[in-house]
Amino acid sequence: MKNPNIAKVLKAYRKMNHYTVQDVVMKLENNAVPVAPKTVYGWESGQTQPDADTLLILCSIYKIDNILETFGYKESNDSFPLSEEERRLVQNYRETPVMQPAVKKLLDLDGEDKRQES
């Protein structure tokens, strides 16, 4: 039975990691999984799905830790669940420390820190 979340998640995480389809093809080849670019496009469009072993390798490439929740096989136990866009924002925030002061200023979090100190 096909999981429609797989296509959406694979495409979103490829883009979130700033990988091209060719980057993914090369990374899979480095993991002894030779595929053509059209195969990756097929996975991302939902026409086909990778086998379980390939999906695990893709999760490693894309840094997907919680596989069951990410692909919708298990509900999140988070008391503060995040949308996919919010997860990407948090991940990008963490990966770009040089921009963190600007984001804090934009969101007026600097003022909040100062108010809490008073």
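How are α1 and α4 oriented to each other, roughly parallel or roughly antiparallel? The axes of α1 and α4 cross at roughly 30° and come within 10 Å, and α1 and α4 are therefore roughly parallel to each other. In this description, angles under 35 degrees count as roughly parallel, those over 145 as roughly antiparallel, those from 65 to 115 as roughly perpendicular and the rest as oblique.

The model is predicted: local features need pLDDT of at least 70, side-chain atom pairs count only at pLDDT 80 or more, and totals for chains, interfaces and linings use all residues. Residues are numbered from 1 along each chain as its sequence is written, and side-chain values use heavy atoms, with hydrogens and water left out.

## Helix packing

Two packed helices are described by the angle between their axes and the distance between the axes. Helices (H or I, at least four residues) are DSSP runs numbered from the N terminus, as are strands (E, at least two). Axes are lines fitted to C-alpha atoms, for helices over the stretch in contact, and angles run from 0 to 180 degrees between N-to-C directions.

| Helix pair | Axis distance | Crossing angle |
|---|---|---|
| α1 and α4 | within 10 Å | roughly 30° |
| α1 (residues 4–16) and α6 (residues 84–95) | within 11 Å | roughly 25° |
| α2 (residues 21–30) and α4 (residues 52–62) | 11 Å | about 115° |

A crossing is left-handed if the near helix is turned anticlockwise from the far one by less than a right angle, and right-handed if clockwise. The crossing of α1 with α4 is left-handed. Ile6, Leu10, Tyr13 and Arg14 of α1 make this contact with Leu55, Leu58 and Tyr62 of α4, where contact means heavy atoms within 4.5 Å. By class, the contact of α1 with α4 has six nonpolar, no polar and one charged residues. Ala, Val, Leu, Ile, Met, Phe, Trp, Tyr, Cys and Pro count as nonpolar, Asp, Glu, Lys and Arg as charged, and the others, Gly among them, as polar.

Helices α1 and α6 are also roughly parallel to each other, and α1 passes α6 in a right-handed crossing. From α1 the contact takes Ala12, Tyr13 and Met16, and from α6 Glu84, Arg87, Arg88, Gln91 and Asn92. These residues divide into three nonpolar, two polar and three charged.

Helix α2 likewise passes α4 in a right-handed crossing. Here Val24, Lys27 and Leu28 in α2 meet Thr54, Ile57, Leu58, Ile61 and Tyr62 in α4, a set of six nonpolar, one polar and one charged residues.

## Cavity and pocket

On a 1 Å grid over the protein atoms alone, a cavity is a set of points where a 1.4 Å probe fits but cannot get out, and a pocket is an open set with protein on both sides within 12 Å along at least five of seven lines; lining residues have an atom within 4 Å of a point. Grid points are joined across faces, edges and corners, and a volume is the space filled by probe spheres set on the points.

One cavity of 30 Å³ or more is found in the whole structure. The largest cavity has a volume of about 30 Å³, and Leu10, Val24, Val40, Trp43, Glu44, Leu58 and Tyr62 line it. Helix α3 (37–45) gives the most to this lining, with three residues.

The second largest pocket has a volume of about 250 Å³. Of its 13 lining residues, Leu89, Val90, Tyr93, Val103 and Leu107 lie nearest its centre. Both α6 and α7 (100–106) supply at least two residues of the lining, and the largest share, five residues, comes from α6.
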